[in-house]
Amino acid sequence: MTGLAQPQPEPRPRSGARSQAHRDEFVIAPVSTRAASATAPITDEEARAAALPGRWRLRSAQVFLGFFLFLFALLVEESAHRVPLLGRLLGRRPRRGPERFRALLEGLGGGFIKFGQFLSMRSDILPPAYCLALSTLFDDVPPFPSWVASRIIERELGAPIDELFASFDEQPVGAASFGQVHLVTLRGEDEGRRAAVKVCRPGGEAFIETDGRLLLAVGWLTDLVRLLGRVEVVPVLRDAVKWTRKEVHYLQEGKNADHLHEVTQFNPRQRIPYVYWKLTTDVVLTMEYLEGPSVSEVIRRFEAGDEAIDDELAAISCDRAGLARNIFQTFVLGTFVGRVFHGDPHPGNVIVLPENTVGLIDVGLLGRLNEEARREQAICLDAISQENIERLFVATLDILDAPRGLLVTDTYDRFYDEVDAWLDACDNPGAPFAEKSLQRLVSGSMIIARQVGLVLPAQTILFYKALLTVDAVVLRLSPEFDYKREARRALRLVRMYELERAYAPGRVLDASLLVQELLAALPSFVSERVQDYEQGQRQIYRKLNLLPVITANLLRTTGWSLLALGVLAWLDKRSRLEAVWREIPRDWFAPLLGLLERHPVANVVVYAACLYAAYRMRARTFVKVQKD
């Protein structure tokens, strides 16, 4: 795609009922050819995927050998740095562990690249150097042949490719580990409209399942030897496998697109592609084609010094600063007003549309924060806008759910210095990218998490990952982006939309109906309560009874005192307390000690009786009484 395309005609209005009807039509009554997907493979790649049970041993050997060699090299390197003289010589050279780990996952390929991308945002369990190295992992795989994509489409949709589409571009516009996209022209009621058809790579789901099981096995061994200390890796890796599986289930991606459109349609600066449900299955997804350059293309040309990009953006009423502002506001509004956000908003998934409108594609992964998490993140955003570092630190501890007894003095000092430097960089338009990035704030939170062995919830990590992706996009798109000013603007929009939603006619009508129902039920409720009272049906409460508590404590004290005196009497009989009697007159204890010496069995019986009575009294601490 070259240049900036002119705006295409507005698509047919998206009707929730129509989308749901088409979705249900497919889910309830799938086309008959879906049964053919269980037949013989159509490609060599599918044949290899079908033979995965026979390849399990080979793949297992490859994975475990690779991780063993990585751990061996890591152990040798760390041991060398701990040798006094050798460590001083090697101290000036950076450790190669992070790059080795990245090369390992890249060499394993398949699902491990996706797992590495997921782990790159887990700075709460991995050191920053490893997260930075893994963040450079990208899907760099050649596309599979277009005739294979055509065969899969025909098999899934139950018709020849020429009957389904007026045209089919054999050259894919994008390819990744588990799928690729072809452009088509639709027929029928959508005659002439351009659409994007996403086709799952043959055998992709089987490879994810195999690599997922192997990754969990590696995680189990890591937890067994406590390689990362108190942190348990298996739950984190289980989330990675679960999220990766979603990338090869296109029905879920289509539902995500419809849901994201429905809950964020209040935002006029956002566009979600329409899903053509009649042409969609679990491995084929047909969506509206958003014609325009991706943000990655705009960033590439801008960083390459292409001055024509600003003129081409101006031709469709766009500019880089306004585009960066809308990307940031779209993410904030989706999170705090729509209650959902795009889980992978990298620049290749953001399309530039006229008037700085943001088009979001590839919505296979959506994130959601619960009410408490949204409130805490909103407090953080508000603290940034007001430059209140102390409030930001307290909100960060709440997000981490840090223990109340945590000693945070040193941590707060480092956090304060880091945030203060970041706020100063935001005021400096010429500050470098690394100093203005939100990564500095998130890294401070992750340092606290690693210090106390906390593992953040998966949805919070997904939020941070999406936030840092948006952060990188807006700063590369508009280096003078001011977070404090834009945070204030975004919060004003959030409050405005929340106010409109609270007093919308529908909300007011719902509240009125609820009040009407309560008022209608009030007479019968009062009548039932009066009848219960007249019939003597009184509620039973459990009340604390202090007398058994006091008695139980006295009996327990008496029993242990008798036991202690019995031991003293036994020692006195054997003349073991001569040194004690020189300090304390024996005459004070002589009568009692003589009694205990003559009747030791009785002493033990009385001791046991006191403890038993105390136990019985404890059971009567709470008694049932009727309400007066």
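Residues are numbered from 1 along each chain as its sequence is written, and side-chain values use heavy atoms, with hydrogens and water left out. Because the model is predicted, local features require pLDDT of at least 70 and side-chain atom pairs count only at pLDDT 80 or more, whereas totals for chains, interfaces and linings use all residues.

Two packed helices are described by the angle between their axes and the distance between the axes. Helix α16 (residues 371–386) packs with helix α22 (residues 483–502) at an angle of about 135°, and their axes are 8 Å apart. Axes here are lines fitted to C-alpha atoms, for helices over the stretch in contact, with angles running from 0 to 180 degrees between N-to-C directions. Helices (H or I, at least four residues) and strands (E, at least two) are DSSP runs, numbered from the N terminus. The two helices α16 and α22 are therefore oblique to each other; angles under 35 degrees count as roughly parallel, over 145 as roughly antiparallel, 65 to 115 as roughly perpendicular and the rest as oblique. The crossing of α16 past α22 is left-handed, a term that applies if the near helix is turned anticlockwise from the far one by less than a right angle. On the α16 side, Leu381, Asp382, Ile384 and Ser385 meet Lys484, Ala487, Arg488, Leu491 and Arg495 of α22. By class, this contact of α16 with α22 comprises four nonpolar, one polar and four charged residues. Ala, Val, Leu, Ile, Met, Phe, Trp, Tyr, Cys and Pro count as nonpolar, Asp, Glu, Lys and Arg as charged, and the others, Gly among them, as polar.

Lys484 counts as buried at 3% relative accessibility, whereas Asp427, at 48%, counts as partly exposed. Buried means under 20% relative accessible area, exposed over 50%, and partly exposed in between (1.4 Å probe, protein chains only).

In total, the structure holds 22 salt bridges, each defined as a side-chain nitrogen of Lys or Arg within 4 Å of a carboxyl oxygen of Asp or Glu. Arg325, Asp482, Arg485, Glu486 and Arg489 are linked in a network of such bridges. Within helix α5 (residues 97–108), Arg102 and Glu106 lie four residues apart, about one turn of the helix, and their side chains meet in a salt bridge (3.2 Å, N to O). Arg102 is buried at 16% relative accessibility, while Glu106 is partly exposed at 36%. A further salt bridge joins the side chains of Arg155 and Glu156 (3.8 Å, N to O), and both residues, Arg155 and Glu156, are buried.

Two other buried positions were examined. Ser478, in the loop between α21 (458–477) and α22, is buried with a relative accessible area of 2%. Apart from its neighbours within four places in sequence, Ser478 is in contact (heavy atoms within 4.5 Å) with Arg320, Ala321 and Ala324. Gly367 belongs to strand β10 (residues 366–367) and counts as buried at 0% relative accessibility. Gly367 and Gly343 are separated by 24 residues in sequence and by 5.4 Å in space, C-alpha to C-alpha. With neighbours within four places in sequence again left aside, the contacts of Gly367 are Arg339, Val340, Phe341, Gly343, Gln459 and Leu462.
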